Amino acid sequence: MPAIPESIKTSLAQRLGEHARANRPQLAQVYVRSRAQFAYVESSTLANGCR
């Protein structure tokens with residue numbers, strides 16, 4: 001399977017970050033990583049400092 005293009009990775013991270021800021025203000029950061037044809041999304045840091 002082909003890997004995800006860099007342009008798609010960047011776009012996905014930006015769109016998810018915007019969505020999280022608008023709909024989940026308690027999240028401080030959204031992390032996106034990819035391996036092969038899969039993208040993994042994680043947010044373990046909350047704005048109040050808790051995990």
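**Entry 1: the strands.** I began with the two strands and found that E1 and E2 pair in the antiparallel sense over five bridges, where two strands count as paired if DSSP finds at least two bridges between them. The model I am reading is predicted, so I noted that local features need pLDDT of at least 70 and side-chain atom pairs count only at pLDDT 80 or more, while totals for chains, interfaces and linings use all residues. I also noted that residues are numbered from 1 along each chain as its sequence is written, and that side-chain values use heavy atoms, with hydrogens and water left out. Looking across the pair, I saw that Tyr 31 stands opposite Glu 42 in E2.

**Entry 2: the turn.** Which residue of the hairpin takes a positive phi? I found that Ala 36 does, with a phi near 55 degrees, in a hairpin that has two residues between the strands E1 and E2. Ala 36 lies in the loop between strand E1 (31-35) and strand E2 (38-42), and I wrote down that this positive value occurs in a residue other than glycine. With 42% relative accessibility, Ala 36 counts as partly exposed, since buried means under 20% relative accessible area, exposed means over 50%, and partly exposed is in between (1.4 Å probe, protein chains only).

**Entry 3: the whole chain.** I listed one helix and two strands in the protein, and along the sequence they follow the pattern α-β-β. Helices (H or I, at least four residues) and strands (E, at least two) are DSSP runs, numbered from the N terminus. I then looked up burial and found that buried residues make up 6% of the 51 residues.

**Entry 4: charged side chains.** How many salt bridges are there? I counted one salt bridge, taking the term to mean a side-chain nitrogen of Lys or Arg within 4 Å of a carboxyl oxygen of Asp or Glu. Lys 9 forms a salt bridge with Glu 6, and their closest N and O atoms are 3.1 Å apart. Because they are three residues apart in helix H1 (residues 6-23), Lys 9 and Glu 6 are separated by about one helical turn. Lys 9 counts as partly exposed at 26% relative accessibility, whereas Glu 6, at 54%, counts as exposed.

**Entry 5: a charge and a ring.** Finally I checked Arg 33, whose charged end sits over the ring of Tyr 40, 4.7 Å from its centre; the rule asks for NZ of Lys or CZ of Arg within 6 Å of the ring centre and within 35 degrees of the ring normal.
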